Amino acid sequence: AMPFFHIGGSAMAILAVAVGCPSVVIRDLDPKGLLDAIAMHRVSLMFVVPAVILFMLNVPSVAETDLSSLRLILYGGSPIPVALLKRAMAVFKSGFGQMYGMTEAHGTITYLGAEDHDPDNTERLKSCGRAIPDVEMRVVDADGNAVPDGTVGEVVCRAAKVMKGYWNRPEENARAIRDGWFHSGDAGYRDRDGYYSIDDRVKDM
C-alpha cells in the first residue's frame, strides 16, 4: 500500500524478499480492495499512511471483514490524529507501530511500538516514538544548539545510514548536513522519557 518509488514502499518490499515472506501488492489505492486482500491472503503485516487507515475505516463493510490475521499495522508519513488512532485500534484489534523517518536516512529513525499504544495514554499516542538503535537524535534551535526537553525546535539526526548528500546539489547539502547532523526540516520536541513528537515543518513555518 506504499508506493515503490518511496522509501516506505521499497524498503518494505526489500525486507519481505530478505526474510522470504510473500507480499501482496495492490496497484492502486482502493480501501475496500485493501480490506478484501487482507481477508483473502491472510495478511499479517501492513504499512500505510494515516489517511489510508481513515479510508479503510470508512468502508461500510469494514466491521464484517475478517481481519483476524493482522498482527501489526505499521503507519507513518504524517502525524495521526489520536482520535483516529484510537478508533483504528478498536476496529482492527491488532498491534500498531508508528515509524518516523525520511528517505535521506533510509527510512525509519524513530519507532513507537505496539506496547506504547495504550488507548489511555493520549500523550504517548501523540508521539512518534524513541530513536531506534544506532541513530542519534536531538532537537535544536535555529543556531543548531540543543534545546531542553519539551521545547519545540528542529529534529536532527546522525547515523551511518544517513545519506552522504544530494546528487550534484552542494548548496542543499550545506543546508541539510551541518557538523555531521542531518537537519530534517521537521519541527518537534522530545519529552523527558526520550519520546519525540512532530508538530510541523520548519520550512513551512
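User: Which residues form a nonpolar patch on the surface?

Analyst: Please note that this is a predicted model. The nonpolar surface patch consists of L29, L54 and F55, which together have about 260 Å² of accessible area.

User: Where does L54 lie, and is L54 buried, partly exposed or exposed?

Analyst: A residue counts as buried under 20% relative accessible area and as exposed over 50%, with partly exposed in between. L54 has a relative accessible area of 33%, so it is partly exposed. This residue lies in helix α3, which spans residues 50-57.

User: Which unit does helix α3 make with β1 and β2?

Analyst: Helix α3, together with β1 and β2, makes a right-handed β-α-β unit. The chain then crosses from β2 through helix α4 (residues 82-92) to β3, and this β-α-β crossover is right-handed as well.

User: In which sense does β2 pair with β1 and with β3?

Analyst: Strand β1 (residues 45-48) pairs with β2 in the parallel sense over four bridges, and L45 stands opposite L72 of β2. The pairing of β2 with β3 (residues 95-102) is parallel too, over five bridges. There, L74 has G97 in β3 as its bridge partner.

User: Which way do the residues of β2 point?

Analyst: In a regular strand, side chains alternate between the two faces of the sheet. Here L72, L74 and G76 point one way from β2, while I73 and Y75 point the other way.

User: Why is strand β2 said to be largely enclosed by the rest of the structure?

Analyst: Strand β2 is described in this way because five of its five residues, 72-76, are buried.

How values were computed:
Residues are numbered from 1 along each chain as its sequence is written. This is a predicted model: local features need pLDDT of at least 70, side-chain atom pairs count only at pLDDT 80 or more; totals for chains, interfaces and linings use all residues. Side-chain values use heavy atoms; hydrogens and water are left out. Buried means under 20% relative accessible area, exposed over 50%, partly exposed in between (1.4 Å probe, protein chains only). Helices (H or I, at least four residues) and strands (E, at least two) are DSSP runs, numbered from the N terminus. Two strands pair if DSSP finds at least two bridges between them. A crossover is right-handed if, with the strands pointing away from the viewer, the path from the first strand over the helix to the second runs clockwise. Patches are made of residues with over 30% relative accessible area and no salt bridge: like charges are joined within 9 Å, nonpolar side chains (Val, Leu, Ile, Met, Phe, Trp, Tyr) within 5 Å. Accessible areas come from the Shrake-Rupley method with a 1.4 Å probe; for residues, only the protein chains shown count as cover. A salt bridge is a side-chain nitrogen of Lys or Arg within 4 Å of a carboxyl oxygen of Asp or Glu.
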